[in-house]
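Open the model in your viewer and keep the sequence panel beside it. This tour goes from selection to selection.

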Amino acid sequence: MSSIRRYLVTMLIAMLTLTSFMAALHSYRESISRADQLFDDDLQMLAASLLPSFTKVATGPELADDKLGSVVQIWRGNTLLYRSANAPAQKIQAPEGYSEQNFSGQRWRTYLQLVPAALSAQSVQSTDRMQSTDSMQSTDAATTAAQTVPLSVLVAQPLKQRQQLAEEVVLASIYPVVLSLPLQALLIWLAVSKGLSPLLKFAEQLSGKKADDLTPVQLSQVPAELSQVLGTTNQLLAKLSDAFAREKRFASDVAHELRTPLSVLQVNLHNAISQWQQAGVADPQGLMPALQDGVQRMSQLIEQIMLLNRTNPEHFKAKLQHMDLAALCREVIAELYPQILQKNQQVELCGASYVPLMADTFALRLMLVNLLGNAIKYTPADGEIKLTLATDDRLVRLTLEDSGPGIDPKEYQRVFDRFYRVGGDRHQSGQPGSGLGLAIVKEIVALHAGSLTLGPSGFASGLKITVELPQ
Amino acid sequence: MLINTVVMFLQELLPALLLLSTLLVWQGSRLKFLLPVLLGATVFGLLLIASQFSRISDFASGSGLELLYICCYLLTFILLLLSVAFAGQPHWSARLAGLAVASLLWVNGSNLVLFLFVYQQNLFASPALLLGAALGLGIGLSVAVLWYQLQLELAGRWRMFLQLCLSLLAARQISMAVMLLVQTDWLASGPQLWNSEWLLSEESEYGHFFNALLGYEATPGLMQLVGFVAAFLLLLWQSRRLEVEK
């Protein structure tokens, strides 16, 4: 189910359409059947109403107020006593009762009533008693004939007109069913949308939350079906918030608790080595420098872990401000210059002398220190390092190239993993490192919605790192 | 008039709509390959048939239209078979499925065109015809939507259900082709196997539904049944590894 709303709307409309249209069809069938019955009753009543007066005229006017154009024929034997104006002159052949016949170029529903001779004679007599004495003679003759020949009264209605009239009446009741369907569909869509609105608001609030916003989700109206989900989600958010707070405290406490004894250890170690040297105590196995390196490496590792924790997108709140990246590069080069000087390396800063940028100064300084620090560390003595700054309408591009050993392209993706070092602990450079520097750089670039790519440098060997940041 | 129009619409539209809804359950997200082929081929085929009605009707001693319908039914079956056979190449499979529905619509659509615009002259002249068309279309589409959802639900629980539906719908086309072949005396019907009119009338609502789904006939001949069963088993075997698109 890709969408609850689409599912509900289509299902409800389909079910409503099917049931209402089927009901309309059944209603149509039933109504047409009833209308036929009514028309048949009408035919029968017409025949009965004509009986008393059938002897009056041989032909008569068309029946008044008859929309259907009914025809009437009254025969006594083969003698036509009466026919309506639209009736054919010849006798319409039809069985007694209801039937369908063809005449006058169309199909008709007929009703033939046969009146036995004796009954028709009585009928004629009773009618004639009310008439004047002038007609006595003709009545007598009719009475004599009625006593011997049966009377047939045939009334007929054209089927097409009957069906049309019935359909006109019945269709009028079906039109609203069909025409109201779009309105019903719209109402269903509105009702389903309204019903799902708390869920949509809930989803909107969740998706609109920032990474560090772990406050509970608040809805003005919470339907029963959603209250469990909302309660559980808010409980999870509360637990998550507590966990983050604990993690922050833990990192801070660990940093404090580890930094202090490590600093003390470093000082004591330095003093011990100095005192041993002054006292002429030998260190035949050279353990002290190894111990000093280990302590220094642990100290660096803790610093890097702390920085990684600070630049984590879930914790880090970037304070974007106008800054000059070129100036920052100059500052970082100056800061690290003692190390560059120590290895007698050549550093070059090329490109624009002013590169305006909206960025977090602390984060970018950290990024530059890590990148340049790595370059200094892995570029051999007398090597070259080149920093290039370029800018266009949208991007600022920082390129750092060195003449170090470089990295195998297969390792490009992995070097950004935390604690990963090319060649593992037996890193061929022999330089101490935590394997966190590039992971921190990657997070800082991601915080600024930039991109980071690696490639071979323009020197004979070495690595080129390109950082692109939006202006 | 109204009832005739509704029945006509159900008879002609329901088979194609049921086939389409089953194929949509199977093809799922590949609508962008299925729909253009379906719409393009349907419109093109119907225009071609409508423009050549009299020639087609006069062909083969007046049995041209029946011959065309037989070819369309057979083509629908073959295309469904190919669509299942090419299930490993989803884009082609979806296009073949769209073409299968289109070839069925060439039969049903041309019947509707004949009914609405040739026999009745003008669809909009008669309110009953228009209303009947609306009712028939509404009922047909509703049944197709409900059938689609039912298949989605059941196919998720029982993997064979989709294969079964697809095989029944494909076998129905063969059954219809055999029926037309028998009607035009190109094939001997064989003995009538049973008469289930008392149980399920072909003219009832359920009768129309089952005719559209599996070519239900109250009085089937032997050849019709043989054709149906053979086509059903062939497609069922071919589609045994089909998976429902999630």
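Start in chain A with the open sheet of five strands, in the order β7-β9-β10-β12-β11 and with mixed pairing. Strands pair here if DSSP finds at least two bridges between them. Helices (H or I, at least four residues) and strands (E, at least two) are DSSP runs, numbered from the N terminus. This is a predicted model: local features need pLDDT of at least 70, side-chain atom pairs count only at pLDDT 80 or more, and totals for chains, interfaces and linings use all residues. Residues are numbered from 1 along each chain as its sequence is written, while chains are lettered from A and ligands numbered from 1 in the order in which they are written.

Select the edges of the sheet, β7 (346-351) and β11 (451-456) of chain A. Each has a single partner strand, so one side of each is left without a neighbour in the sheet. From one strand to the next, the twist averages 15 degrees. Angles run from 0 to 180 degrees between N-to-C directions, and axes are lines fitted to C-alpha atoms, for helices over the stretch in contact.

Contact means that the C-beta atoms of two residues, placed from the backbone, lie within 7 Å.

Now take β10 (residues 395-402) and β12 (residues 463-470) of chain A: they run antiparallel, joined by seven bridges. Pick Thr399(A); its bridge partner in β12(A) is Thr466(A).

Move to β3 (residues 97-103) and β4 (residues 106-115) of chain A, an antiparallel pair with seven bridges. Glu100(A) has Arg109(A) as its bridge partner in β4(A). The two strands form a hairpin with two residues between them. In the turn, Ser104(A) has a positive phi of about 55 degrees.

Next, show where the chains meet. The contact takes 18 residues from chain A and 16 residues from chain B. Which element gives the most to the side of chain B that touches chain A? Helix α6(B) does, with 12 residues. By class, that side has 13 nonpolar, three polar and no charged residues. Ala, Val, Leu, Ile, Met, Phe, Trp, Tyr, Cys and Pro count as nonpolar, Asp, Glu, Lys and Arg as charged, and the others, Gly among them, as polar.

Stay in chain B and select helices α4 (residues 64-85) and α9 (residues 222-238), packed at an angle of about 20 degrees with their axes 9 Å apart. Among the contact residues are Phe77(B) of α4(B) and Leu235(B) of α9(B).

The contact includes Tyr73(B) of α4(B) and Ile174(B) of α7(B). Its residues divide into 14 nonpolar, three polar and one charged.

Finally, colour chain B by pLDDT, the predictor's confidence in each residue, from 0 to 100. The mean for chain B is 86, and 95% of its residues reach 70 or more. Confidence there is highest in α4(B), at 92, and lowest in helix α8 (residues 205-214) of chain B, at a mean of 82.
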